[in-house]
Amino acid sequence: MVLFILILLGLALRLWHLGGSSYWMDESFSIATAQTMVEQGTALMRSPLYHALLALVGTISHWQIVLIRGLSMLLGLSMIVASYSTLKRWMNVPVAIVTASLITFSTIEIAWSHQVRMYAALQICFWLSLYCYERWRSGKLHWLYPATLTLCTVLVH
């Protein structure tokens, strides 16, 4: 129940003014990079996985500001769930609730969820890599999962 409330609050905070401000310079760079990938069909060396995902979302949404920022917003929301689930397993429920609450209300987390940049994607990929690495070390997961997520983390940024 607490996680559900945190997700709803996180969604409200991340949706608030999602399309209100204009793009800032780095967001324009990310959009131009993704559009270049679509137009030229080439993979770029800088953040290829994030920009490929952005190109997909941008193409489907016709590059509407709210929808392409929505990618980061969804990744930011998934960080609330991932932190809660992971820390509930690693520590206990109170630690998971505190951490998920901090992520829900953190101004930097909300800002990353409002930007057409790779920050939220990098964070969630890194967090999931750590989770999979721990599961692999305990013998509960094949080594390919943490290796793949680590590669994704590198390719996101």
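In which loop does G19 have its place? G19 lies in the loop between α1 and α2; helices here are DSSP runs of H or I with at least four residues, numbered from the N terminus.

Before I continue, a note on the source. This is a predicted model, in which local features need pLDDT of at least 70 and side-chain atom pairs count only at pLDDT 80 or more, while totals for chains, interfaces and linings use all residues. Residues are numbered from 1 along each chain as its sequence is written, and side-chain values use heavy atoms, with hydrogens and water left out.

To return to G19, its relative accessible area is 31%, so it is partly exposed (between 20%, under which a residue is buried, and 50%, over which it is exposed, with a 1.4 Å probe and protein chains only). Not counting residues up to four places away in sequence, G19 touches I65, V66 and R69, where contact means heavy atoms within 4.5 Å.

Leaving aside neighbours within four places in sequence, I80 is in contact with L3, L6, I7, G10, R14, A100, I103 and T104.

Next, the helix pairs. Two packed helices are described by the angle between their axes and the distance between the axes. Axes are lines fitted to C-alpha atoms over the stretch in contact, and angles run from 0 to 180 degrees between N-to-C directions.

For α1 and α5, the angle is about 10° and the axes are 9 Å apart. These two helices are therefore roughly parallel, a term for angles under 35 degrees. Residues V2, L6, L9, G10, L13 and R14 in α1 meet I97, A100, S101, I103, T104 and F105 in α5.

In contrast, α3 and α8 (residues 144–156) pack at about 75°, with axes 5 Å apart. That makes α3 roughly perpendicular to α8, the range being 65 to 115 degrees. Here P48, L49 and Y50 in α3 meet C152, L155 and V156 in α8.

Terms used: Parallel < 35°, antiparallel > 145°, perpendicular 65-115°, else oblique.
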